[in-house]
Amino acid sequence: MSLVELHAIHKSFGELEVLKGIDLSIDEGQVIALIGKSGSGKSTLLRTINGLEVIDDGVIIVDGKKISDRDADLLGLRLQVGMVFQQFNLFPHYTALENVMLSPQVVKKQSKAEAKQIAEEMLAKVGLADKMMHYPDQLSGGQQQRVAIARALAMKPKVLLCDEVTSALDPELVNEVLAVVRQLAEEGMTLVMVTHEMRFAREVCDKLVFMHQGRIHETGDPETVFANPKTPELASFVGGLA
Amino acid sequence: MAYKFDFGAIVPHWQLLFDGVILTTELTVIGAVVGVGLGIMGAWARASRAPVISQIVGVYVELIRNTPFLVQLFFIFFGLPALGVKLTEFQAAVLAMIVNLGAYSTEIIRAGILAIPQGQIEAAQSLAMNRVQIFRYVVILPALKKIWPALSSQIVIVMLGSSVCSQIAAEELTFGANYIQALNFRAFEVYFVVTGLYLVMSILLRMGLKVLGNFLFERRRHV
Ligand SMILES: Nc1ncnc2c1ncn2[C@@H]1O[C@H](COP(=O)(O)OP(=O)(O)OP(=O)(O)O)[C@@H](O)[C@H]1O
Ligand SMILES: [Mg+2]
C-alpha cells in the first residue's frame, strides 16, 4: 500500500469544479512533480492532501488511515503531512529558531530543550545555523523559505508538500532553496511539489504528474514524459516552456 | 465686582480629590484589564466560524455602541435590581465600564485579527495546531500589535467616561469635585484643578500603555 492514496477526489468552488476525479498514489520516498497551466488545480490538489481544502467527494488515505474532515482526523493527518508555501508564511513575531520550535512544543508537547535541539539541527540542515536569532523580516526571501522548510521538517512529517516554493523568490535566490529540496529528495523524503522549474523536476523527481482542467492528464517518469509527451496538451505545455 | 480666585479653598478638601483619583484609577485598571479580556474573547467569537455565537456578540457590540454610556450605567445600577441583581455603586460603575469597553474593543481587536494574513493561519494549520493554539500563539499578539494605538485611545476614552459614574454616587474624581464645590461654591477653582488632574492621568495612562505595548511586542530573543 502506498503512503498516500487519493481516490476519485472531487472539489468545487461554488459552480466551478476544480478537481474532477483525481486518483493518485504516492509511495514512500517518491518525489512527485505536479505541473500544469495556471488554474489547472495543482494547488487545490496539494491542499486537499493535508486537509486545507475540504473535498466534496472521494477518499484520502494516509499511512493506511482514511481521513474524514473531523477535527481530530485533520490534526492527525497534518502531523504526517508537512507543507511549504510560495509565500513562506513565517510567523513575524518569532525568531527563526522560535518559528521552528513552536509547533513541536505546543503540538507535540516536546520539552523546550528537546524542541530546541531539533530546531537547531533542522536550521543547520538548511544552512542557517548562523541566522537562528534573526526575525523573518531580517532574512532574505531564500533564507525565509529555508526556515519554512526547517519548520515543516521539525515536525518529522512522512510527506512534504511544496507549492511553488521558489516562485516568490528573486532568481538569484532560487538555487539555494532548490538545493535544500534536492538534498531532502536524496535523503529519501517523500515529496510532492508543484513547480515550474522543469529542469529541476527532470533531474530530481521520480514521477511527473501533468494536470489539465482539473484532471490528471498525463503521468510518467520525467525523462519519458518530457521526451515523448503523449497528449497534445502536454506537448504544447512543454513546448511553451522551452 | 470681579470674582476673586481662591484656590486655597480647595486645600482642606484635598483628601476627597485624592480618594477620587484613586477610585478613578481603580475603575480604569479593572475596567481596562477585564474589558480588553472580554474584547479578545468577543473578537475571537466574531472571527470564528460559529455563526450563532458570532451573531450574539454582534448584537451586544451594536447595542453598546449605539447607546449612551450614562444610560448603560443607569440600567445596570437602577434597572438590574428589578431582576434581583443589586450592585454597589463601585460594582455597577466597574461593570458598566467593562461592558462598554468590551464592546468597543471587540470591534477594534477584530480588525487586528482580520489583518493577519491568511497564509500564516494556513501555515499554523499545516503544523497541526488546533484553533486555540493558532489563536494564542500565531494570531493574537500580532493582531494586538496592529491595533494597539486604537485600543489605547479607547481605554483613555473609557477612563474619561468614568466621570459620569459620579451620577450614581460612585466616589470617583468628578464625584469628589461636585461634592467640594457644593461645600465651598468654588466651582471654577475645583473644576480647574480636576481638569488638570484628568489631563495628567490621561497623559500618564497613555504613557503607561505605550510602555506596556513596547513590553508586549518588543522583540525578545529569549530562547
Ligand atoms: N478559495 C477559492 N475560491 C474560489 N475559487 C478558487 C479558490 N481557490 C482556487 N480557486 C480556483 O480554482 C482554480 C484552480 O486553482 P488552483 O490554485 O488550484 O490552480 P493552480 O493550478 O495552482 O494555478 P497556479 O499555477 O496559478 O497556482 C482556479 O480557477 C482558481 O481561481
Ligand atoms: Mg497554485
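Reply: A helix here means a DSSP run of H or I that is at least four residues long, a strand is a run of E with at least two, and both are numbered from the N terminus. With that in hand, chain B reads α-α-α-α-α-α-α-α from its N terminus on, which comes to 8 helices and 0 strands. Keep in mind that this is a predicted model.

UniProt, in an unreviewed entry, lists "domain: ABC transmembrane type-1" at residues 21–209 of chain B. Over residues 21–209 of chain B, the chain is 81% helix and 0% strand, and the end C-alpha atoms sit 18 Å apart. The unreviewed UniProt entry also puts the feature "transmembrane region" at residues 20–45, 66–84, 90–109 and 190–212 of chain B. Take residues 90–109 of chain B: that span is 100% helix, with 27 Å between its end C-alpha atoms. Residues 190–212 of chain B are likewise 100% helix, and there the end C-alpha atoms lie 32 Å apart.

Now for the contact itself. Chain A puts in 34 residues and chain B puts in 22 residues. Between them, chain A and chain B bury about 2,400 Å², with 59% of that on carbon and sulfur atoms.

On the polar side, the interface has 7 residue pairs in polar contact, counting pairs with both residues at pLDDT 80 or more. There is also 1 salt bridge across the interface of chain A and chain B. Its partners are Arg47(A) and Glu122(B), whose closest N and O atoms are 2.8 Å apart.

Where on chain A does the contact surface come from? The elements giving two or more residues to it are helix H2 (71–80), strand S6 (81–84), helix H3 (96–106), helix H4 (112–125) and helix H5 (141–153) of chain A. H3(A) gives the largest share, 6 residues. Sorted by type, the residues on the side of chain A that touches chain B are 19 nonpolar, 6 polar and 9 charged.

Last stop on chain A is ligand 1. Residues around ligand 1 include Phe13(A), Leu16(A), Val18(A), Lys37(A), Gly39(A), Lys42(A) and Thr44(A). Some side chains there come with distances. Ser38(A) has a side-chain N or O atom 2.6 Å from an oxygen atom of ligand 1, and for Ser43(A) the corresponding distance to an oxygen atom of ligand 1 is 2.7 Å. Glu164(A) places a polar side-chain atom 3.3 Å from an oxygen atom of ligand 1.

Definitions and conventions:
Residues numbered from 1 in each chain as written. Chains lettered and ligands numbered in written order. Predicted model: local features only at pLDDT ≥ 70, side-chain atom pairs only at ≥ 80, totals over all residues. Heavy atoms only, no water. Contact = heavy atoms within 4.5 Å. Buried area = accessible area lost by both parts, 1.4 Å probe. Salt bridge = Lys/Arg side-chain N within 4 Å of Asp/Glu carboxyl O. Polar contact = N/O pair within 3.5 Å; in protein donor to acceptor, adjacent residues only side chain to side chain. Nonpolar A, V, L, I, M, F, W, Y, C, P; charged D, E, K, R; others polar. UniProt positions renumbered as here; feature names shortened; annotations may be inferred. Near = heavy atom within 4 Å.
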